[in-house]
Amino acid sequence: MGRADGSGEGPPRGPKGEERAMDTSTDTGTGRPVAEAAAVAEARGQPAAAALAGDLFGRVPADDLRPYSPETLADLAAGALEHLSAPRPAGEPDIVLRDIEIESGGRRRELTVVEALNRNVPFLLDSTLAEIVDQGYEPRLVAHPILAVERDREGRLVRLLGDATAASPSEASRESLIHIHLDFVDDPGARERLAANLRRTCEDVMVAVADWPAMRARIEEAIASYRSGALPLPADEVAEALAFLDWIAAGNFTFLGVRAYRFPDGDVAADPVAGSGLGLLRNPEVRVLRRGAELVAMTAEVRAFLQRPRALIIAKANVKSRVHRRVHLDYVGVKLFSADGRLEGELRVIGLFTSSAYTGSTAEVPYLRRKVARIVDRAGFDPASYSGRALLNVLESYPRDELFQVDEETLYRFAIEIMRLSERPTVRALARVDEFDRFVSVLVFIPKDRYDTNVRRRVGEFLAGIYGGRVSAAYPAYPEGPLSRTHYIVGRYEGSTPEVDRETLESGIRAIVRTWADSLRDALVETTGGGRARA
């Protein structure tokens, strides 16, 4: 095998790799700089690096390549080849950071190159990018070839066959090479954190993907037990729970972790069942619920739920996913019963709802469809009337994560309030304390002509201050009509959540969006009367 430092022949490549290197030799778009980089590598006596340049940069947008000279691209390909050629333990993430200098617009600029080499599995690129963005970095260039490689038993590269295809030899493995450029990371501690967190992210992806079949099988077992057992629950509750479990098992939920809990001697202390953890919950030390500032296996609020005549709990976990999307994990708790109908424990499932849960009609989502139907029935509007259609539109456009979690009484009150805003637009704040006292969910409506990024930030700071927490998330939306809507999640970690009335919330928000002209108008009304003030 040739030298791994890019200065010699490098590992031999199959004919597919050579064809791809030739395919990139076009005169326009991405092809031209890549072909020039390959020519530089060839002139240096580095044919393997020349071929890899096409695989590495062939799909990168031309605008992203423009700041790089052919020599720099050839250097980058040689560096990637060196990374690929180094022995690597099977299945372990291989993260490297190296620094380069480029010249763009007559100025020299330092960049940090992040490379993650892994066995190719789903979710690697989006998870890696989410981690990088979450740490405050902005990717400047992203390349992600999937390469067919052959390695020996020690993990040394034997042959690099180029871009992986269905026609790749059976003895070849598919490896993901993620190659990302960032502004120069000069702080050693920051570099160490970035590499460590990327390694942990890749490990989470690997374990979640590896255990996916077993997690789905565990759900199928729960479905079978619900269908065959005599459960101490209302028949309609069991039917809707079965429909929901069938729905998530049908590809509407990305399973990332499963663990079983048992309640010994009729207690609800919830002991994790040894060896039952899969995916992100394979590690028995991982917890996804919070009591105060501490992550725990069980909370008093979840224990209280387990005593109610409900089959499932659908909520948010207290930790964010490192896999796929950097958002709080969705948590589905499934009650487990013995053959004679006694509550035995809980099957805890964590993951992420797929896009269908957010984009499809509520009529297509079990549990949601029943909740929406009950609200519509309670309101009593003719479905064909203006009010009936308006209410259904409010429920369909309601923040979907919130719709899963909000209780029906609160949802009914909020939906009617939102309906009325179409007739009388005004500042409105609709706050709901999480059932498990972990956060406050606040829907804030503000006139669009008073709303911008600064207002969103200031309203978030106001809500965080008044509830004694911090803004975990803020989701702006711009529905039809004159009002914007922002869904704030204020995380709570210590003590009881303060009780804040709506008028206090709305007065504070109105003060934030109030303009000088508003104050002048009110002063004129007080001193001269409404008609003269308008004049």
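1. Orientation of α9 and α12. In this predicted model, helix α9 (residues 235-252) and helix α12 (residues 368-379) are oblique to each other, because their axes make an angle of about 130° and an angle over 145° would be needed to count as roughly antiparallel. The axes lie 10 Å apart. On the α9 side the contact is made by Asp236, Glu237, Glu240 and Ala243, and on the α12 side by Arg369, Arg370 and Arg374. By class, the residues of this contact are one nonpolar, no polar and six charged.

2. Tyr367. Tyr367 is found in the loop between α11 and α12. Its phi is near 80°, a positive value in a residue other than glycine. With a relative accessible area of 12%, Tyr367 is buried. The backbone here may be worth a look in the model.

3. Ser356. Helix α11 (residues 356-359) contains Ser356. Ser356 is partly exposed, at a relative accessible area of 27%. In sequence, 104 residues separate Ser356 from Asn252, while their C-alpha atoms are 6.3 Å apart in space. Asn252 falls within the range of α9 (residues 235-252).

4. Chain as a whole. The protein chain has 19 helices and 18 strands. Of its 535 residues, 50% are buried. The accessible surface comes to about 24,700 Å², and carbon and sulfur atoms account for 50% of that surface. Taking contacts between residues at least 6 apart in sequence, 67% join residues at least 24 apart.

5. Salt bridges in general. Side chains of opposite charge can pair when their charged atoms come close. Over the whole structure, a search finds 42 salt bridges. One group, made up of Arg109, Glu138, Arg140 and Asp183, is linked in a network of salt bridges. Individual pairs are taken up in the next points.

6. Glu101 and Arg108. The side chains of Glu101 and Arg108 form a salt bridge, with an N to O distance of 2.6 Å. Glu101 is partly exposed, its relative accessible area being 41%.

7. Glu435 and Arg310. A salt bridge joins the side chains of Glu435 and Arg310, at 4.0 Å from N to O. This pair links distant parts of the chain, 125 residues apart: Glu435 is in the loop between β15 (428-433) and β16 (439-447), and Arg310 is in the loop between α10 (300-306) and β12 (312-320). Glu435 is partly exposed at 33% relative accessibility, and Arg310 is partly exposed at 30%. The bridge counts under a limit of within 4 Å, so the N to O distance of 4.0 Å should be read with that limit in mind.

8. Asp330 and Lys316. The closest N and O atoms of the pair are 2.8 Å apart.

9. The loop between β12 and β13. Val327 and His324 both sit in this loop. His324 has a positive phi of about 75° although it is not a glycine, and it is partly exposed, with a relative accessible area of 24%. Val327 is also partly exposed, at 25% relative accessibility. Setting aside neighbours within four places in sequence, Val327 contacts Val319, Lys320, Ser321 and Leu352. From Val327 to Lys316 the C-alpha distance is 9.7 Å, with the two residues eleven apart in sequence.

10. Helix α3. Why is helix α3 (residues 47-57) described as largely enclosed by the rest of the structure? Ten of its eleven residues are buried, and the helix is therefore largely enclosed. The buried residues include Ala48, Ala49, Ala50, Ala51 and Leu52. Further along α3, Ala53, Gly54, Asp55, Leu56 and Phe57 are buried as well.

11. Helix α6. In helix α6 (residues 124-134), the buried residues are Leu124, Ser127, Thr128, Ala130, Glu131 and Ile132. The elements that cover them include the strands β2 (107-119) and β6 (173-183) and the helix α7 (188-210). Just after α6, Gly136 takes a positive phi of about 95°.

Notes: Residues numbered from 1 in each chain as written. Predicted model: local features only at pLDDT ≥ 70, side-chain atom pairs only at ≥ 80, totals over all residues. Heavy atoms only, no water. Axes fitted to C-alpha atoms, helices over the stretch in contact; angles between N-to-C directions. Helix = DSSP H or I, 4+ residues; strand = E, 2+ residues; numbered from the N terminus. Parallel < 35°, antiparallel > 145°, perpendicular 65-115°, else oblique. Contact = heavy atoms within 4.5 Å. Nonpolar A, V, L, I, M, F, W, Y, C, P; charged D, E, K, R; others polar. Buried < 20%, exposed > 50% of the residue type's maximum accessible area, 1.4 Å probe, protein only. Areas by Shrake-Rupley, 256 points an atom, 1.4 Å probe, with all protein chains shown as cover.
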